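Biologist: Could you walk me through this one? I'd like to start with a term and then see it used.

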Amino acid sequence: MFPDRIFSGMRPTGALHLGHYHGVLKNWGRLQSEYPCLFCVVDWHALTTHYETPDVIEQHVWEVLIDWLAAGIDPAQATLFIQSRVPEHAELTLLLGMGTPLGWLERVPTYREQIEKLKEKDLATYGFLGYPVLMAADILLYRASLVPVGADQIPHVEMTREIARRFNYLYGREVGFEEKALAAAKKLGGRRTKRYHELRNAYQQEGQSEALEQAHALLQESQSLSMSDRERLFGYLEGACKLILVEPQVQLAKASRMPGLDGQKMSKSYGNTIGLREDKHSIEKKVRTMPTDPARVRRTDSGDPDKCPVWQLHLAYSDETTQNWVQKGCRSAGIGCLECKQPVIDAILHEQQPMLERAQKYIDDPSLLRAIVADGCDKARKIAQETMRDVREAMGLSYS
């Protein structure tokens, strides 16, 4: 019914670091050449935990966007926009919230975890409890079929699927649905109509998933159907209701754990990050003062790379030859820790250089960034408005 489309968002909580680049942005860069992609700075999500300090959010929004562009996200291929500039996000959140059971929200795995983790903040708010509905609205508004996430985020996408499924069940049922679907099938014409029914039977009676895929392709190719008829036929394939909102699938991102300066996962909360556009001298100082194998007290002591945080960075940045040099030199005390760190410093600075060059033109001329965002918001809003017309009509809120 709808083309494959990717949606992904990021909270503006400050400048991005190399963990964001290796864990998210490199994957986005690959996806933008394979699918229509919408990448959104979700500033309302930032308010769910930082509602008392909103003054920094706008500044962070623009910093994040520059970091995306620096990392190679191409506005000619992907749509970049800001959540709060597309008001349909708020409207769909409100409407989805009307039918989302409270128990679903209380059972979200990260809800209790975040309350425990962020004890210094008052998170006993409607906004924080309801953030999964806002997240679902972000995805469903663009009828995104694929959402790139890490394994820890799969429950959030499943929640979105459940919300979409419930909405379609509540509002996709219409009087005389089957008769209207059969009438719509006839509009396919002759052989296509017959083929549609054969594929539907193969899927519903025999569970042939390839039959469902073939039926989807057949409907995608048809030029003779209205949007309502197309929705009915997609819904008729799988059940007895129109598919108004698309149930998204997880696009599992390849695991890419970027180690921080202490060997743990790179994270602001651990204070172990290297910024995407951090100053060269700061990067050199951070890496040179990294802790190493505690057994190497003196230069002449042998060490074990597997017990050294620097080795984790070598695994991320160094080629096989350099890694072999580290293993041999460290275990034999043939190289010192500062010697070991230098290839990592060189590799990080080499990776960073094109990012700094891409970012500089937006720093020098902010109007270029504003123009990209304005264009992206316009594109996103056109898709959002189309979805909301169907949502309002299904809920009896269409007054045209």
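Modeller: A crossing of two helices is left-handed if the near helix is turned anticlockwise from the far one by less than a right angle, and right-handed if clockwise. The model is predicted: local features need pLDDT of at least 70 and side-chain atom pairs 80 or more, while totals for chains, interfaces and linings use all residues. Residues are numbered from 1 along each chain, and side-chain values use heavy atoms, leaving out hydrogens and water.

Biologist: OK, which hand is the crossing of α11 and α12?

Modeller: Left-handed. Helix α11 covers residues 190-206 and helix α12 covers residues 209-221; their axes (lines fitted to C-alpha atoms over the stretch in contact) come within 8 Å and cross at roughly 150 degrees, where angles run from 0 to 180 degrees between N-to-C directions.

Biologist: And which residues in α11 meet α12?

Modeller: Arg-192, Arg-195, Tyr-196, Leu-199, Ala-202 and Tyr-203. On the α12 side, the residues they meet include Leu-212, Ala-215, Leu-218 and Leu-219. Contact means heavy atoms within 4.5 Å.

Biologist: Zooming out, how many helices and strands are in the protein chain?

Modeller: There are 18 helices and five strands, taken as DSSP runs (H or I, at least four residues; E, at least two) and numbered from the N terminus. The C-alpha atoms fill a box of roughly 85 × 45 × 45 Å along the principal axes.

Biologist: How much of the chain is buried?

Modeller: Buried residues are 50% of the 400 in the chain. Buried is under 20% relative accessible area, exposed over 50%, partly exposed in between (1.4 Å probe, protein chains only).

Biologist: How many residues are in the largest nonpolar core?

Modeller: That core has 96 residues, and Leu-25, Trp-68 and Phe-81 are among those with the most contacts inside it. Such a core is a set of buried Ala, Val, Leu, Ile, Met, Phe, Trp, Tyr and Cys residues joined through side-chain atoms within 4.5 Å. Leaving aside residues up to four places away in sequence, Phe-81 touches Phe-7, Tyr-142 and Ala-380, among others.

Biologist: New topic: where is His-22?

Modeller: In helix α1, residues 18-31. His-22 is buried, at 12% relative accessible area. His-22 lies 294 residues from Ala-316 in sequence, yet their C-alpha atoms are 9.3 Å apart.

Biologist: Last one: what is phi of Arg-143?

Modeller: Near 45 degrees, which is positive in a residue other than glycine. Arg-143 sits in the loop between α8 (131-140) and β4 (146-149), and Arg-143 counts as buried at 2% relative accessibility.

Biologist: And where is Ala-333?

Modeller: In the loop between α16 (320-331) and α17 (337-364). Phi of Ala-333 is near 60 degrees, also a positive value, and Ala-333 is buried at 14%.
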